[in-house]
Amino acid sequence: MYGLKAISNNNGWVIAAAGILIVFTCLAVLSLAVSQIKVIFILFDRGNKFYKKIKSRRSKKKIPESGNAAFYELLNSELEEQFQLFDLLEILDKNNFPHPYLTVNQLRYGKTIIPFGDGFFIFNMNEV
Amino acid sequence: MDDLLIKFFSNTGYALMDYRNLIMICIGLICIYLAIAKKCEPLLLVPIGFGILLGNIPVFPGFGLSLYEDGSVLHLLYFGVTTGLYPSLVFLGLGAMTDFSSLLRQPGFMLLGAAAQIGIFFTLLGALFFGFEPKEAASIAIIGGADGPTSIFLTARLAPHLIGPVAIAAYSYMALIPVIQPPIMKLLTTHEERLIRMDALREVSKRGRIIFPIIALLLCCFTAPASLPLLGMFFFGNLLKESTVTERLANTARTAIIDFATILLGVIVGASTQADRFLTKQSLGIFILGAIAFSIATASGIIFAKIMNLFMKQKINPLLGAAGVSAVPGSAREAHLMGLKEDNTNFLLMHAIACNSSGVIGSAIAAGVLWNFFS
């Protein structure tokens, strides 16, 4: 079969029109998406900044200064009556204290914690 | 003894050859000559030319030597063509080579890549008009995309008996871009239009380049899932490149893998052009329609750029429309060179590359759409 009849019989007109439309739509949508990528990045960056801000605020709140009532309250709640220095270090580290080893040293030499024997320590209630 | 010699002679290529084999061997030699002496697309024409020689040495049927005989080595390698394996691997390598920065800077140019695909669908109508079967017509029409691997991929799916002529036509027109495109560009544009300068391109962030292949894959393949084997590999290759953490894989894709696929694709497509299958009236029709498809694709890109200029404040140089066909980077180079001829300070290359990249995506989508309609 030849000629326009062959085109019509094989749905040529519809297929050609639909094909052109699909290719155009696909690339137009892609073009639109690409032109909006920067908007997505701006939103993402804002969200990231906001998240960091909140995170830093929270971490600031969490760390009481050593010697504060909150500091002893935290240790008291998490430590047994008799504890090892390792346990103390672990708690300080877990709660993001800036210098856990220095703090332990300070507590020891200031006699805030005193040896109880067998590697265990207790709080010196006269100092606390 | 005489019988033995006569039997041996009757099985040699000299005894089995006819004039059509000689014609094809001459075509193969011309391809090799153009590639080596004239440096005309050597990476394609050397394998194809040699493949034509390989496919046109007459062999005795039943010996399991011919490409079309089950169990022959060439037939096993032909599997990569008929299944679409080699074109997909070529697209993986292309993706790992392609820099979409210029397209990301000018996303509007994607419409020029889409416009250049109009040639495909016009040629579909032309091929149906001249009496080709619908699947054959679709395979011929895709030549208008000016993309060799895409043409082979679609033809292997819809009309495998036409792989030889369609592939040779597609690659020939890609090699003939400097001959075909400039007259059409000159005919459809005025001197003033060719002088239009384009704005300097802005920077594109690394994040933008990483996210593009993912967004493009999702958008294009959800719309035209049949283009998945080509676009999937294309965008995967590009992600390997842009992510910068898989540099080793990207390097393999753009060197070893694409070279491997190009060698096998070229030789096997060349070998598939056996004289009795290639030298037919149908092949002549395919070459004529292919040339028409390529010309319409070029023209529709230019005309669409001119239409866009009617609505846009910042005018587009219509030469860029011609780069919307997916012959990378040949058509972009032609648009750039034509611009330079008119004004030697007007550099259009990066803008033309943007249209060219979108042309690759557009022709793969068009192939997917045709496969979907005709499968």
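**Exercise 1. Describe the surface that chain A and chain B bury between them.**

Step 1: about 2900 Å² is buried between chain A and chain B, with 86% of it on carbon and sulfur atoms. Buried area here is the accessible area (1.4 Å probe) that two parts lose on being put together, summed over both.

Step 2: on the chain A side, Phe24(A), Leu27(A) and Leu30(A) lose the most area to chain B, together 21% of what that side buries.

A word on the model: it is predicted, local features need pLDDT of at least 70, side-chain atom pairs count only at pLDDT 80 or more, and totals for chains, interfaces and linings use all residues. Residues are numbered from 1 along each chain as its sequence is written, chains are lettered from A in the order in which they are written, and side-chain values use heavy atoms, leaving out hydrogens and water.

**Exercise 2. Work out which residues of chain A touch chain B.**

Step 1: the contact (heavy atoms within 4.5 Å) takes 30 residues from chain A and 37 residues from chain B.

Step 2: turn to the helices, DSSP runs of H or I with at least four residues, numbered from the N terminus. Helix 1 (3-9), helix 2 (12-35) and helix 3 (37-62) of chain A each supply at least two residues of the side that touches chain B. Helix 2 of chain A gives the most, with 19 residues.
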